[in-house]
Amino acid sequence: MATGTPDSQARFGQSVKGLLTEKVNTCGTDVIALTKQVLKGSRSSELLGQAARNMVLQEDAILHSEDSLRKMAIITTHLQYQYPFTWTSLPPHRPDDGNAFCNHKRK
C-alpha cells in the first residue's frame, strides 16, 4: 500500500483544514443570518399583535362615536320638531323691555 510522501500528505491535510475552516465560517455566517431572521420574525409577530390590539381599540372608539352620532341625530330631529312650537308659545318681544321673557315666566 503506497501512502504517498509526507509532503503530499501535509498538502492534503492543509487543504482539508482550509476547506473545513471555510465550511465552519460559512455555517457560522448562516447561523447568524438565521438568528437575525428568527428575531426579525419574532419582532414582526409582536408588532402584528400590537397592531391587532390597536385596531380593536380603534374599532370600539368608532362604534362608540357612531352610537353618539346616532343619538345626536335623534336629538336634532326632536329639536327641529319643537322649534316652531317654542317660538309660538313665547310672548311677543317688546323692544322697550329687554326682560320680557323673564317677566312673563315670573307671572
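Q: Where does α1 bend, and by how much?
A: Helix α1 bends at Q82 by about 35 degrees, the bend being the angle between axes fitted to the seven residues ending there and the seven starting there. A proline, P84, follows within four residues. The model is predicted, so local features need pLDDT of at least 70 and side-chain atom pairs pLDDT 80 or more, while totals for chains, interfaces and linings use all residues. Residues are numbered from 1 along each chain as its sequence is written, and side-chain values use heavy atoms, without hydrogens and water.

Q: How many residues does α1 have, and what does it span?
A: Helix α1 covers residues 6-89, 84 residues in total. From first to last C-alpha it reaches 122 Å, close to the expected 124 Å, which is 1.5 Å times one less than the number of residues. Helices are DSSP runs of H or I with at least four residues, numbered from the N terminus.

Q: Which residues are linked by salt bridges into a network?
A: The network links E66, D67, R70 and K71. A salt bridge here is a side-chain nitrogen of Lys or Arg within 4 Å of a carboxyl oxygen of Asp or Glu. R70 meets E66 at 3.5 Å and D67 at 3.5 Å, and K71 meets D67 at 3.4 Å.

Q: Why can R70 reach E66?
A: They lie 4 residues apart in α1, so about one helical turn separates them.

Q: Is R70 buried, exposed or in between?
A: R70 is partly exposed, at 45% relative accessibility; buried means under 20%, exposed over 50%, with a 1.4 Å probe and protein chains only.

Technical notes:
Helices (H or I, at least four residues) and strands (E, at least two) are DSSP runs, numbered from the N terminus.
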